[in-house]
Amino acid sequence: MQQYTLCYAKNKSNLMKWVDFSTITGKLQNPDNDERGSWFSGSMSFDESRSNKQHRNFFTINSPSGKEWTRQWQHSKDDVDFFLKNNLIYFGLFPKFDNVPRLKFFETDLSEIIPSNLLDNLGTTKSAQDDLNKLFDNKVFDYPKPYQLIKYLLNLLVDSNDIILDFFAGSGTTGDAVMQLNAEDGGNRKFILVQLDAPLDPKKSEVAHKFCADNNLDPVISSITIERLNRAGDKILEKNLSEKPELKDSLDIGYKVFSIHDDPESKFLNSDISEYRQEELFTEYSKLKNDPEFYTKENLIYNAYIYNNIPLSVTYKTLKDAILYQAENHYFCFGEISRDELEKHLNKHTEGGFTVFCGDGYVTDSFIHTCEAHLMQIAPNITYKVHG
């Protein structure tokens with residue numbers, strides 16, 4: 001049975017060069033006793049009748065015996081000069097050197113080829129299932145993708161610093177493949193996996209449902225995704241550190257998990273509140289603002305990231321707990337702070353952003369104006385914003 005993988009590009013001009021590499025095949029020989037070993041020769045020019053005299057690669061080269069070859073070459077003048085300097089062109093045997101010039105390819109050389117449409121030895125649905133079963137010691141997910149295939153496609157299409165987005169994460173194969181590639185070549189690829197919290201049916205997905213229950217996880221597909229990343233990361237660490245202990249501090253298998261929820265404050269304020277008495281309204285709103293499920297430090301900070309277009313992968317630093325935080329050259333203020341403390345943290349920064357979050361539980365209107373005045377004196381080039 002043959003399976004198909006369809007690849008699309010929004011703009012193919014933005015893609016990396018679509019190439020693969022192959023070792024040299026053909027009859028190897030060494031008639032000129034090249035010290036680098038046996039080689040295979042390939043054509044490097046058009047014959048005179050097919051050469052275009054107006055082409056930029058139309059020029060003359062000389063063999064060691066002085067014989068001239070004037071024609072259109074398949075390589076630039078600079079490349080041909082490099083080949084000549086490094087004895088990579090075969091002109092025939094001494095002393096005549098009168099054969100049509102041909103380019104040498106050695107057994108250890110790799111040549112660029114157009115990638116084959118038939119992808120072989122890159123895993124199968126069955127091998128992917130076996131790999132995942134071994135990782136979980138059970139069959140918790142059906143029909144996963146082989147990580148070998150995803151690694152191959154990423155190598156062809158993605159730069160080592162790119163971000164890879166998988167909108168249907170499933171068992172998390174894409175994240176696993178990215179972490180493996182980074183461990184292998186020292187790349188800095190990042191992945192974003194998106195997976196709905198689709199419930200696991202206790203009957204149709206009995207094994208997966210039981211796995212989640214036994215491990216105190218929510219019985220949803222995303223729990224399997226997250227656990228796969230945890231286990232795959234541990235496996236990558238174990239494999240690489242046993243071979244190269246010096247990689248301990250450079251291997252990155254970390255990731256963050258975010259969930260999208262309706263903003264409870266907006267939902268409450270947009271609901272029908274006409275039935276509330278005024279004191280009940282304040283009570284309910286106060287409960288909402290103190291709900292630990294939503295109004296945690298991390299939730300506030302990462303929503304501030306989104307407001308300021310800061311990548312969620314950026315690490316933040318606590319300057320004053322529950323009050324002032326820093327992410328790269330941006331500051332988030334969730335409470336009132338003195339001028340001296342502001343100056344202590346900002347005196348080395350001449351540019352960046354500073355966002356004050358106002359509203360119930362954050363800062364007062366008077367602090368907003370005071371803070372702005374302080375910043376104009378301490379760091380006049382920092383962009384000041386108020387949110388809330």
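1. Let me begin at a loop residue. At 66% relative accessibility, aspartate 137 counts as exposed (exposed is over 50% relative accessible area, buried is under 20%, and partly exposed lies in between, with a 1.4 Å probe and protein chains only). Aspartate 137 sits in the loop between H2 and helix H3 (147–157), and its phi is near 60°, a positive value in a residue other than glycine.

2. Some ground rules. This is a predicted model in which local features need pLDDT of at least 70 and side-chain atom pairs count only at pLDDT 80 or more, while totals for chains, interfaces and linings use all residues. Residues are numbered from 1 along each chain as its sequence is written, and side-chain values use heavy atoms, with hydrogens and water left out.

3. The overall inventory: the protein has 11 helices and 14 strands (DSSP runs numbered from the N terminus, helices being H or I with at least four residues and strands E with at least two). Of its 388 residues, 34% are buried. Among contacts between residues at least 6 apart in sequence, 56% join residues at least 24 apart; contact here means heavy atoms within 4.5 Å.

4. The loop between strand E5 (89–90) and strand E6 (102–106) deserves a look, with proline 95 in it. The peptide bond from phenylalanine 94 to proline 95 is cis, with omega near 5°. Phenylalanine 97 lies in this loop between E5 and E6 too, and its phi is near 45°, a positive value in a residue other than glycine. Is phenylalanine 97 buried or exposed? At 18% relative accessibility, phenylalanine 97 counts as buried.

5. Next, helix H6. Its 23 residues (221–243) reach 34 Å from the first C-alpha to the last, close to the 33 Å expected at 1.5 Å a residue; the expected span is 1.5 Å times one less than the number of residues. The buried residues of H6 include Ser222, Ile224, Glu227, Arg228 and Asn240. Among the elements that cover the buried residues of H6 are helix H2 (125–136), helix H4 (173–185), strand E9 (190–193) and helix H5 (206–214).

6. How do H4 and H6 pack? Their axes come within 9 Å and cross at roughly 20°; axes are lines fitted to C-alpha atoms, for helices over the stretch in contact, and angles run from 0 to 180 degrees between N-to-C directions. That makes H4 roughly parallel to H6 (angles under 35 degrees count as roughly parallel, over 145 as roughly antiparallel, 65 to 115 as roughly perpendicular and the rest as oblique). On the H4 side the contact is made by Thr173, Gly175, Asp176, Met179, Gln180 and Ala183, and on the H6 side by Arg228, Leu229, Ala232, Gly233, Ile236 and Asn240.

7. At 26% relative accessibility, leucine 217 counts as partly exposed. Leucine 217 touches Phe211, Cys212, Ser223 and Glu227, not counting residues up to four places away in sequence. From leucine 217 to glutamate 227 there are 10 residues in sequence and 9.3 Å in space, C-alpha to C-alpha.

8. Now the open sheet of five strands, whose order is E10-E11-E12-E13-E14, with mixed pairing (two strands pair if DSSP finds at least two bridges between them). Strand E10 (316–320) and strand E14 (382–387) stand at the edges with a single partner strand each, so one side of each is left without a neighbour in the sheet. The twist averages 20° from one strand to the next. Helix H9 (residues 297–307) packs on the sheet, touching E10, strand E11 (324–327), strand E12 (330–333), E13 and E14, and its direction makes about 115° with that of E10.

9. Finally, the pairing around E12. E11 and E12 pair in the antiparallel sense over four bridges, with alanine 327 opposite histidine 330. Their hairpin has two residues between the strands, and glutamate 328 takes a positive phi near 55° there. E12 and E13 run parallel, joined by four bridges, and tyrosine 331 stands opposite phenylalanine 354. Both faces of E12 are covered, with His330 and Phe332 buried on one side and Tyr331 and Cys333 buried on the other. Further along, six bridges join strand E13 (residues 352–357) to E14 in parallel, and glycine 352 stands opposite isoleucine 382.
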